[in-house]
Amino acid sequence: MTTLIADSGSTKTDWMLIAAGGTVKRYVTDGINPVVGDPVEIRRTLEEQFAPQINGIAPDNIFFYGAGCTPQKKNVVEKCLMVLYPEADIEVASDVLAAARALCGHKEGIACILGTGSNSCLFGGKDIIANVSPLGYILGDEGSGAVLGRTLVSDILKKQLPNDICDAFYEETHLTETEIINRVYRAPMPNRFLASLVPFIYNHHRDSQIAELLVASFRSFLKRNVLRYHRPDLPVNFIGGVAHSFEEEIKVALHIEHLIPGRFEQSPLDGLLTYHTTSASEDIF
């Protein structure tokens, strides 16, 4: 039995092929996102980038997790995979379910994504029980890289931060006020631009006011998303680049909100490998 697991975003897809003997091989292709890519592009990525790498191996089971794989859009990816691997059992699901299965295994828990955007869910051990809509970086995405960047530049431009932080920002990013305004209001993908400022925040996260900015944003994420699941008895687990970089500040926010810290991971792939090769009964112990 050969199992194929994919974790996909708009930029790249990480693939993991598990052979019958347990051998694991990893591959990378361009991203597959049915919201921004049409079926022709998806088929091309599968046929020209992925299939040649595995030299004609036909997986028996395929678990594809990805950004944009909503209930309305996941059938686009399913159909493309079915053309290439018609005999395989295929499951296509969201990146939120990937995070939940990777972080919680077969157990009940709360799973959160903190990257460019943010998301969360209450997980029942196999499927998502509840999900608070993230709403994007304008209406939501609390705690995300985009919102952290938005808060930072707002505080910089309104001179809410000390002069030494403001001076360091302009010196290290080589940005001007005019360029910031253009990148946010006129250029495409302003959320990615704002998230690109997270390295500056990380470089200065020991500064007391930057630390306050971080904790406040993570508390907002917890209050507006996680607390709405009304399960303070469950550990709160995190995945993503922001979560990986600011574990200490997130744990402070969790403590203030009387929540239990769980696991912190940068990528879901290893957790998904464990989930799909471990039965629910084994995972209990």
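I began with a cut-off: a disulfide is a pair of cysteine sulfur atoms within 2.5 Å. The model I am reading is predicted.

**Entry: cysteines**

I searched the whole structure and found zero disulfides. Cys 80 counts as buried, because its relative accessibility is 3%.

Next I looked at Cys 112, which is in no disulfide. Its nearest cysteine sulfur belongs to Cys 121 and lies 7.8 Å away. Cys 112 is buried too, with a relative accessible area of 0%.

**Entry: strand E4**

I moved on to E4, which spans residues 61-66. Is E4 mostly covered or mostly open? I found it mostly covered, with six of its six residues buried. I then took the faces in turn. In a regular strand, side chains alternate between the two faces of the sheet. On one side of E4 I noted Asn 61, Phe 63 and Tyr 65, all buried. On the other I noted Ile 62, Phe 64 and Gly 66, also buried.

**Entry: neighbours of E4**

Which strands pair with E4? I found E1 (residues 3-8), joined to E4 by six bridges and running parallel. Here Thr 3 stands opposite Asn 61. I also found E5 (residues 89-94), again parallel to E4 and joined by six bridges. In that pairing Gly 66 stands opposite Ser 94.

Last, I followed the chain from E4 through helix H2 (residues 74-84) to E5. Together they make a right-handed β-α-β unit.

Conventions. Residues numbered from 1 in each chain as written. Predicted model: local features only at pLDDT ≥ 70, side-chain atom pairs only at ≥ 80, totals over all residues. Heavy atoms only, no water. Buried < 20%, exposed > 50% of the residue type's maximum accessible area, 1.4 Å probe, protein only. Helix = DSSP H or I, 4+ residues; strand = E, 2+ residues; numbered from the N terminus. Pairing = 2+ DSSP bridges. Right-handed = clockwise from strand over helix to strand, strands pointing away.
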